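Thanks for coming, everyone. Let me put the sequence and the model on the screen.

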Amino acid sequence: MYPRLSCEQIEVGIAEYLDDALPPDLHRRFEDHLRDCAECREHLQRMRWTIDHLAAGPREPMPPEMKERILACARTGPASPGWSYVPRYPPLPHFGS
Ligand SMILES: [Zn+2]
């Protein structure tokens, strides 16, 4: 058995996981971690939401470095000093309605 992935490892590889760009064994280890880690599942949901909304945007292809910056922001939340929300991520978007 492989050692369990840490939340930090999930965070680092989550974009690749969503892109299905991970090797199959690593992909499986991500799924194992996500199954018992609610925090990472929530993180994954945010990433997916961000990517869906990027994909639903203008048809023009986004420069990769811009997408990278937006994804990096989605990972860590805005770094502005006025940001008073303590958790690492911005509030969940409203799904549905
Ligand atoms: Zn986790």
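Predicted model: local features only at pLDDT ≥ 70, side-chain atom pairs only at ≥ 80, totals over all residues.

The phi of Asp20 is near 60 degrees, a positive value in a residue other than glycine. Most residues other than glycine have a negative phi. Asp20 also counts as exposed, at 58% relative accessibility.

Now step back to the whole chain. The protein chain has four helices and zero strands. Along the sequence, the pattern reads α-α-α-α. There are 97 residues, and buried ones make up 28% of them. Now take the contacts with a separation of 6 or more. Residues 24 or more positions apart account for 55% of those.

Next, the metal. Which residues coordinate the zinc ion? Four of them do: Cys7 through SG, His33 through NE2, Cys37 through SG and Cys40 through SG. The distances run from 2.0 to 2.3 Å. The angles among the four donor atoms are 102 to 113 degrees, and the site is tetrahedral. For reference, the ideal angle for four tetrahedral donors is 109.5 degrees.

The spacing of the donor residues in sequence is C-x25-H-x3-C-x2-C. Look at Cys7 and His33 in that pattern. This pair links distant parts of the chain, 26 residues apart. Cys7 belongs to helix α1, residues 7-18, and His33 to helix α2, residues 24-36.

Is Cys7 partly exposed or buried? Cys7 has a relative accessible area of 25%, so it is partly exposed. His33 has a relative accessible area of 1%, so it is buried.

What does His33 touch, beyond residues up to four places away in sequence? The list is Arg4, Leu5, Ser6, Cys7, Ile10 and Cys40. Two names there, Cys7 and Cys40, are also zinc donors.

On to helix packing. α1 and helix α3, residues 38-55, pack at an angle of about 30 degrees. Their axes are 10 Å apart. An angle under 35 degrees counts as roughly parallel, so α1 is roughly parallel to α3. The crossing of the two is right-handed.

Here is who meets whom. From α1, we have Cys7, Ile10, Glu11, Ile14, Ala15, Tyr17 and Leu18. Facing them in α3 are Cys40, His43, Leu44, Met47, Arg48 and Ile51. Note Cys7 on one side and Cys40 on the other. Both coordinate the zinc ion.

Let me zoom in on Met47, in helix α3. Its relative accessible area is 0%, so Met47 is buried. Which residues does Met47 contact, leaving aside neighbours within four places in sequence? Ile14, Ala15 and Leu18 are among them, and those three are in the α1 set that meets α3. Met47 is also in contact with Leu71, Ala74 and Arg75.

The C-alpha atoms of Arg46 and Ala74 are separated by 7.4 Å, and the two are 28 residues apart along the chain.

That's my tour. Over to you.

Conventions
Residues numbered from 1 in each chain as written. Heavy atoms only, no water. Donors = N, O, S within 2.8 Å, 3.2 Å for Na, K, Ca; no water. Tetrahedral: all angles 85-135°; square planar, octahedral: opposite > 155°, others 65-115°. Buried < 20%, exposed > 50% of the residue type's maximum accessible area, 1.4 Å probe, protein only. Axes fitted to C-alpha atoms, helices over the stretch in contact; angles between N-to-C directions. Parallel < 35°, antiparallel > 145°, perpendicular 65-115°, else oblique. Left-handed = near helix turned anticlockwise from the far one by under 90°. Contact = heavy atoms within 4.5 Å.
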